[in-house]
Amino acid sequence: MSDAHFDVVVIGAGPAGLAAAREAANSGARVAVLDDNPRAGGQVWRNGPMHPPSKALTAHLQAIGAMRAADTNDSSDSNARMTLLQSTRVVAPLDERCLLIESAEHGGARIGYERLILATGARERLLPFDGWTLPGVTGAGGLQALIKGGVPVRGERIVIAGSGPLLLASLATARAAGGRIVAVVEQASWASVMRFGASLAATPAKLWQAAQLTRGFAGLRYLTSGAVRAAQGDGRVERAIIERANGRIISVDCDRIACGYGLVPNTSLAQSLGCATEGDAAIIVDDSQRASVDDVFAAGECTGVGGMELAHVEGRLAGLHATGVGEQKLVDALVKERKRWRDFARRVETAFALREFARAMPSDETLLCRCEDVSIGEIRVHANWRDAKLHTRCGMGACQGRVCGAAAQTLFGWQVAQTRPPISPAQIGTLMLAADTHTPAD
């Protein structure tokens with residue numbers, strides 16, 4: 001892959017990134033979209049051998065394909081070109097509006113931009129419990145990804161646990177694949193869940209979606225104020241030990257446990273660029289989706305977890321403002337829609353906020369860092385994340401602290417910043433390109 005320069009570079013090909021890219025390209029900008037997955041769609045529109053692309057994703061890809069075809073047929077106008085780089089990761093930000101990237105197919109390169117749109121999404125929050133490293137234990141979103149990728153679950157008994165709407169999406173995906181859902185365990189209280197359900201009247205589309213996903217919980221054991229405390233089995237998951245907030249212990253025989261406590265913004269690149277963040281490390285943006293760094297915009301879950309609809313409308317606004325083109329009437333309509341979905345996101349956050357009950361510390365023998373086999377007991381004696389990393393191998397493995405860091409932040413209240421490049425593993429040849437002062441030219 002040779003060096004290149006674009007008017008707009010979009011990082012992430014989920015709902016926010018694709019929406020941003022289309023708006024920017026429609027405005028006449030030369031746009032590149034980078035995504036580390038082999039197929040566009042992000043986590044929410046992930047597709048694979050057993051899961052065809054959704055209608056929304058298909059519409060975006062057809063529009064992108066039409067733009068690329070038009071560019072091929074009209075070589076005199078390259079301003080509307082759309083480039084989609086899949087299986088491509090950002091390794092590090094460089095000087096002069098340039099990123100060091102690596103492609104699975106082409107290796108390392110640098111890509112320059114006039115404006116950068118971050119649509120890096122979110123990742124699942126996994127909290128450790130005894131036995132969570134047994135085969136058969138995944139995140140709730142992780143189970144969805146496995147099924148969409150072709151992993152068979154037909155006939156398997158599955159416990160889905162954690163918190164938030166992601167549990168319902170995982171439930172629907174597993175059911176459609178033939179899995180037998182024996183229990184859904186939600187840490188929020190019954191009263192919180194009921195209040196949230198009643199609030200869906202303000203967003204009828206979400207109410208209908210919830211009804212479709214759950215089928216009214218028919219034939220399903222739905223437990224609120226509960227958490228998985230242990231996974232047990234001989235070499236593989238055979239049962240889940242569930243604790244209710246009232247102290248009652250329940251044992252449920254199962255073949256899989258999918259447990260995830262919501263999502264956390266994926267902001268490693270944003271922090272490396274120097275973008276200001278807040279709260280759960282979400283990127284701070286203004287009304288135009290601008291971040292605190294010049295010519296950097298952000299949209300979607302990396303600015304705060306709010307769902308697909310919010311990500312999509314934020315992406316459109318980011319694309320319009322990044323190019324400075326767009327009718328005011330359209331912008332005003334999108335701003336109104338964004339407010340609607342931000343209100344919905346706040347209701348979700350309130351209803352499914354993690355309770356102290358869900359933050360209960362597992363035993364000292366439980367692993368916190370699965371990559372490097374570092375236990376809770378080895379971590380809890382340290383004062384902060386930096387000390388823990390200095391004295392143990394915590395956060396030094398393949399995930400670079402993305403899993404154990406979020407867990408440490410939730411369990412210990414530590415600030416866990418991940419700003420030091422390389423952001424993702426890279427070949428030596430790719431890293432050597434960072435020493436070259438050449439900047440991609442137009």
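User: Why are α1 and α8 called roughly parallel to each other?

Analyst: This is a predicted model, and in it the axes of α1 (residues 15–26) and α8 (residues 308–323) cross at roughly 30°. Angles under 35 degrees count as roughly parallel, and therefore the two helices get that label. Their axes come within 7 Å, and the crossing of α1 past α8 is right-handed.

User: Which residues make the contact between α1 and α8?

Analyst: On the α1 side you'll find Pro 15, Ala 16, Ala 19, Ala 20, Glu 23 and Ala 24. From α8 come Met 308, Ala 311, His 312, Gly 315, Arg 316, Gly 319, Leu 320 and Thr 323. Sorted by kind, the contact has eight nonpolar, four polar and two charged residues.

User: What makes α5 roughly antiparallel to α9?

Analyst: Again, look at the angle. Helix α5 (residues 190–199) and helix α9 (residues 328–351) cross at roughly 165°. Anything over 145 counts as roughly antiparallel, so that's the name this pair gets. The axes come within 9 Å, and this crossing is left-handed.

User: Which residues of α5 and α9 make the contact?

Analyst: Ser 192, Phe 196 and Ser 199 of α5 meet Phe 344, Arg 347, Val 348 and Ala 351 of α9. That group splits into four nonpolar, two polar and one charged.

User: How do you know that Leu 431 is partly exposed?

Analyst: Its relative accessible area is 34%. Buried means under 20% and exposed means over 50%, with partly exposed in between, so 34% puts Leu 431 in the middle class. Leu 431 sits in helix α13 (residues 428–433). If you leave aside neighbours within four places in sequence, Leu 431 is in contact with Val 91, Leu 100, Pro 422 and Ala 426. Met 67 is another story: its C-alpha atom and that of Leu 431 are separated by 33 Å, and the two residues are 364 apart along the chain.

User: Why do β8 and β11 stand at the edges of their sheet?

Analyst: That open sheet has five strands in the order β8-β15-β9-β10-β11, with parallel pairing. β8 (137–138) and β11 (222–223) each have a single partner strand, so one side of each is left without a neighbour in the sheet. Elsewhere in the sheet, β9 (residues 157–163) and β15 (residues 256–261) pair over six bridges, with Ile 158 opposite Arg 256 in β15. Helix α4 (residues 166–176) packs on this sheet and touches β9, β10 (180–186) and β15. The direction of α4 makes about 165° with that of β9.

User: What makes α4 mostly covered?

Analyst: Eight of its 11 residues are buried, including Leu 166, Leu 167 and Arg 175. Just after α4 comes Gly 178, with a positive phi of about 95°.

User: How do you know that α12 is mostly covered?

Analyst: Helix α12 (residues 404–412) has seven buried residues out of nine, among them Cys 404, Gly 405 and Leu 411. The buried residues of α12 pack against β16 (263–265), β20 (367–369), α10 (376–380) and α11 (385–391). Gly 413 follows α12, and its phi is positive, near 75°.

How values were computed. Residues numbered from 1 in each chain as written. Predicted model: local features only at pLDDT ≥ 70, side-chain atom pairs only at ≥ 80, totals over all residues. Heavy atoms only, no water. Axes fitted to C-alpha atoms, helices over the stretch in contact; angles between N-to-C directions. Helix = DSSP H or I, 4+ residues; strand = E, 2+ residues; numbered from the N terminus. Parallel < 35°, antiparallel > 145°, perpendicular 65-115°, else oblique. Left-handed = near helix turned anticlockwise from the far one by under 90°. Contact = heavy atoms within 4.5 Å. Nonpolar A, V, L, I, M, F, W, Y, C, P; charged D, E, K, R; others polar. Pairing = 2+ DSSP bridges. Buried < 20%, exposed > 50% of the residue type's maximum accessible area, 1.4 Å probe, protein only.
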